[in-house]
Every structure is written in C-alpha cells, then in structure tokens.
Amino acid sequence: LTPNMITLMGPISLSGPMVFSMIAAARCLIDPKLGTEAILAAILKDEVQASIKDMTEPRVISMIEDIQSAVNQIMSRLQTAANFDKAESKLPSIISLTTTPENLCRLDPAWYPWL
C-alpha cells in the first residue's frame, strides 16, 4: 500500500472493510468455474514470451515449468487469503506489514506522488 492509500483509507478501513473485501475477492478468484489458473497461465506465458528472444526447445520446456510453478504459487496464496476462520486470517497481519514505515521506505519512488 502506498502512503497515499493509507491516508485515504484510514486505519478503520484498513482493519475492517479492506480485509473482508480481500477475502471476498480471493474466494471469487479460487472458484473452479472461473478458470483463474488458465487465465493466469495465459497472461504469464505472454509476458515470458515477450521477454525471451530465442525460443529453443529446452527453453520452452523450462518456461512452461516456471509458469506452472508460478500459477501454483499464486493459487496457493489465494487459497490462504480466502481461508477465514474467525480471527485466524493472515490478511490483517499482511496489511499491517505493508503499512509499517520500514516497508514503506522500500517502496519504489515511482509509486510516490510527485508535484
């Protein structure tokens, strides 16, 4: 989260509606009918292909394995985010980590507003 988003949303929104909105979005994205895995694989494949100049057979096989690994990692993170058992959700701790000054100072300057 950028400092502007933190200021705009305020602490009440960050600890309440944002957490539940993220859980709801994660639950929608892990729905098998949506086909999120196929969409992610297609997007990642296009991005990787655009960055690779020479497409040799071993490189293509490696690319496919890397894409599948990335899709599996994304889906497991979505599964974790969608899991909400009382107060044991990991999202509040993730949000609090993104709002700490130590992590905000690592933010790319391109994300800050410049006049």
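Here is a friendly walk through the structure above, from its overall form down to single residues. This is a predicted model, in which local features need pLDDT of at least 70 and side-chain atom pairs count only at pLDDT 80 or more, while totals for chains, interfaces and linings use all residues. Residues are numbered from 1 along each chain as its sequence is written, and side-chain values use heavy atoms, with hydrogens and water left out.

Let's start with the fold as a whole. The protein has 6 helices and 0 strands, where helices (H or I, at least four residues) and strands (E, at least two) are DSSP runs numbered from the N terminus. Read from the N terminus on, the elements run α-α-α-α-α-α. Along its principal axes, the C-alpha trace spans about 50 × 40 × 20 Å. The radius of gyration of the protein is 18 Å, whereas a compact globule of 115 residues would have one near 13 Å. For that comparison, the radius is taken over C-alpha atoms, and the globule rule is 2.2 Å times the number of residues to the power 0.38.

How much of the protein is buried? Buried residues make up 20% of the 115 residues; here buried means under 20% relative accessible area, exposed means over 50%, and partly exposed lies in between (1.4 Å probe, protein chains only). As for contacts (heavy atoms within 4.5 Å), take those between residues at least 6 apart in sequence: 69% of them join residues at least 24 apart.

Next comes the interior. A nonpolar core is a set of buried Ala, Val, Leu, Ile, Met, Phe, Trp, Tyr and Cys residues joined through side-chain atoms within 4.5 Å. The largest one here has 18 residues, of which Leu14, Val19, Ala26, Val71, Met75, Leu91 and Ile95 touch the most other members. Helix 1 (3-15), helix 2 (17-29), helix 4 (57-82) and helix 5 (91-98) each give two or more residues to this core, and the largest share, 7 residues, comes from helix 4.

Helix 1 and helix 2 pack at an angle of about 65 degrees, with their axes 5 Å apart. Axes are lines fitted to C-alpha atoms, for helices over the stretch in contact, and angles run from 0 to 180 degrees between N-to-C directions. Helix 1 is therefore roughly perpendicular to helix 2, on a scale where angles under 35 degrees count as roughly parallel, over 145 as roughly antiparallel, 65 to 115 as roughly perpendicular and the rest as oblique. Met9, Ile12, Ser13, Leu14 and Ser15 of helix 1 make the contact with Pro17, Met18 and Val19 of helix 2.

Leu78 lies in helix 4 and is buried, with a relative accessible area of 15%. Beyond its neighbours within four places in sequence, Leu78 is in contact with Ala26, Leu29 and Ile30. Leu78 and Arg27 are 51 residues apart in sequence and 7.7 Å apart in space, C-alpha to C-alpha. Asn72 is also placed in helix 4, but Asn72 is partly exposed at 41% relative accessible area.

Thr36 lies in helix 3 (residues 36-51) and counts as buried at 8% relative accessibility. Not counting residues up to four places away in sequence, Thr36 touches Leu29 and Met75. Tyr112 sits in the segment after helix 6 (101-104) and is partly exposed, with a relative accessible area of 26%. Which residue lies 7.2 Å from Tyr112, C-alpha to C-alpha? That residue is Thr2, 110 residues apart from Tyr112 in sequence. Apart from residues up to four places away in sequence, Tyr112 touches Pro3, Leu104 and Leu107.
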